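Take a moment to look over the fold before reading on. The paragraphs below lead from the whole chain to single residues.

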Amino acid sequence: MALILQQGVSQSDTRVKLSSPLTGVWGMVSKMWEKGNFVFVLNLLLLGFIYLAVIMVFNRFWIATAVMLVLVILIAVVEHFKVDVRYETILPSDLSFVSNGDAGSLMSFIPSGSGGLIAAVVVAMVLVVVLFAVLNHFDMRHGKVFGFAPRSGGVAESHGHGQSADRADKNDAKLDAKSGNGSIKRKSLGAGLRIVLIVVPLLLVTGFSYQVGQINTFTNAFAKTMGYIPSMWDSVYDAQRNGPLVSFLGQAHPKVMDQPSDYSEATMKQVAKRYFAEAAKINKTRTGKMSDGSVVFILSESYSDPSRVPGIKLNHDPIPNTREIKKHTTGGYMLSSGYGGGTANLEYMSLTGMSMANFDASLTSPYQQLVPGEKWTPTVNQLWGSKEHSVAFHPYEPSMYLRANNYKKFGFSHFYSLEPPEVIAHRGKIDSSPYVSDASAYQSVYEAMKKNSSNEFVQLATMQNHMPYHNWYKGNTFKAKSTDSSQPLGADENKSINTYAKGANITDKATAKFLRQMDSLKKPVTVVFYGDHLPGIYKTASADEKNSLALHTTDYFIWSNKASGRQGYKSPDGNYSSPNFFMAQAAEQTNAKVTPFLAFLTRLHGKVSAMEPPVVNQIQGWSRIPEGQPIYLDAKGHPMAASDFDQATKQLMHDYKLIQYDVTAGKGYLKDVGFMG
């Protein structure tokens, strides 16, 4: 059964190549002796518990086995179809289709032209039912597990060979009536054992689902010992790598964050009142709204200044244009929670204003673990009103980080990617690079904005500088070397840095051109540009813990075009930031009135310039240091200790947790009072 489930997600035509997923069932099995990874055994164990419970429910081995096989085949087929159509596996949030009485939506997973496969599956399930019906008929016990006890005359004397199950039960009843109390005790014992063997396995599976994703639990440690490695950026890869059952259960019950001790409706009313007043104060000097112009958020994949990495020296300046732009507008350095991965976490923070620092250490990927199940997800683009004014672009696979589904939940009307139904207009690549260039992505955005006379919010996540970094670019003259002659760069590290530096340089030029295009538009436009994280190529620098902060600091700026009337504005609080503050900074840049939530973020950013959770320099490791403290930076980029915060800052930090808990895990007291906008 475990192999059937695995086959449902093991397709050879995997679209996302960067994850290098396993192909075929054999990869899951063979890695037990090739890599010492026994996650397949973990899947077998969990499936075995479910199988045992089903057998006890039916108390008929053959019937229960047939039911399990049919269900497993159905699940595997749905997985196959969903991977084929959406390139994503069955998720816990999909169960809402059934619970909400919308099971018909599951039909959307079935691609056209699947009639042959569906017919073959139906035939297979019929054969399974027939086979086990035959086995049940010829089994003298008819698969009964409890309630059958051979008498002194033997099985043949008691029931006769080939009697029906009902006849056998009647004979059992007659003999039990003669045997008196002994039979009653046997029945009671059998019923008790059945209940235990139903409840205990299901409790074990349920307990596993609640604890496998939580840091510092025995279940999490045990699963990792067996080879469980969460891969939150790609649900298909996660299922191929860890098995569909373990992957599904690992996302079923994430711990979002602890409830603040004073959380209540009364407390949230006080919080709302406090920041309604703060918004009124700020808005006295603000004019208009953010939606009076267009705002573009650009998440530039792995964009940062390689010349700022400790121990690295380059022969050319890779980002001269970005450096010049930051001199004349709001901009500086962004504190990132990722290193070599975790893109969607930075994107989530920028769009929601929520901080990963407030979440439990077990919640490592909101896009995968939190957003799909949320009933209320306020995001910055919603300030533009109708969803027709929110558009997203990503020149890659739309299912990565579940973006296609999450963008719908955020309220984006269009999402242009490399896959239908809305394919991004320009898909050019540079030399032998496998990724769409930033210039192509920018051109797609520019042309769409030029055609639309209305103001809008645009989200762009680029791909050009995604790992790995091989010799992609012809005529690359960038050369990196170590500043420490006693510790030269390795050949692979050197090649990666050289390639990456050239890519960053190409992005730098393309970004400057894009801003010139935005300047040519007659409508107000503000661009929030940021690198999500550094590439995970600095092996020498990352070996020294003292370099951790430098390896989690990228470049960002907030720029406005001529038509906005705000070109050249430079915020006094903009030298350092983190993505959760971007929406408030965009409001300041455009001199727009703020909602109570934006007023709160504005106040907090004035006290704490940047904040991120404790991180580990582990590429796509998706782990946090549970005993560590969040990282806080002041206006000069110096680390701050929470214990040193003044009373006003402590109040703001506590209010942040209250607000974030209410929105993501609480009762949503702020939803209907206009707090978020």
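Predicted model: local features only at pLDDT ≥ 70, side-chain atom pairs only at ≥ 80, totals over all residues.

Residues are numbered from 1 along each chain as its sequence is written, and side-chain values use heavy atoms, with hydrogens and water left out.

The protein has 23 helices and 13 strands. These are DSSP runs numbered from the N terminus: helices are H or I with at least four residues, strands are E with at least two. Of the 677 residues, 53% are buried. Buried means under 20% relative accessible area, exposed over 50%, and partly exposed in between, with a 1.4 Å probe and protein chains only. The accessible surface comes to about 28,900 Å², and carbon and sulfur atoms hold 58% of it. Such areas come from the Shrake-Rupley method with a 1.4 Å probe; for residues, only the protein chains shown count as cover. Take contacts between residues at least 6 apart in sequence: 75% of them join residues at least 24 apart. A contact means heavy atoms within 4.5 Å.

Now find the sheet. Eight strands form an open sheet with mixed pairing, in the order β5-β4-β6-β1-β8-β9-β3-β10. The edges belong to β5 and β10 (576–577); each has a single partner strand, so one side of each is left without a neighbour in the sheet. Two strands pair if DSSP finds at least two bridges between them.

Start with strand β4 (residues 390–393). Both of its faces are covered: S390 and A392 are buried on one side, V391 and F393 on the other. Strand β6 (residues 457–461) runs parallel to β4, joined to it by four bridges. There A392 has Q459 as its bridge partner. Strand β5 (residues 414–416) also runs parallel to β4, with three bridges between them. Here F393 is partnered by Y416.

Other strands of the sheet run antiparallel. Five bridges join strand β8 (residues 525–531) to strand β9 (residues 553–560) in that way. V527 stands opposite W559 of β9.

Together, β4, α17 and β5 make a right-handed β-α-β unit. Right-handed means that, with the strands pointing away from the viewer, the path from the first strand over the helix to the second runs clockwise. The helix lies across β4, β5 and β6, at about 155° to β5. Helix α15 (residues 343–352) packs with α17 at an angle of about 5°, their axes 13 Å apart. The contact is made by T343, E347 and L351 of α15 with R403, Y407 and F410 of α17. Axes are lines fitted to C-alpha atoms, for helices over the stretch in contact, and angles run from 0 to 180 degrees between N-to-C directions.

Which helix is largely enclosed by the rest of the structure? Helix α11 (residues 235–242) is, because seven of its eight residues are buried. Among them are V236, Y237 and A239. Just after α11, G243 takes a positive phi of about 90°.

Finish at strand β10, where S577 is found. S577 counts as buried because its relative accessibility is 0%. Leaving aside neighbours within four places in sequence, S577 is in contact with several residues, including Y333, L335, Y556 and H605.
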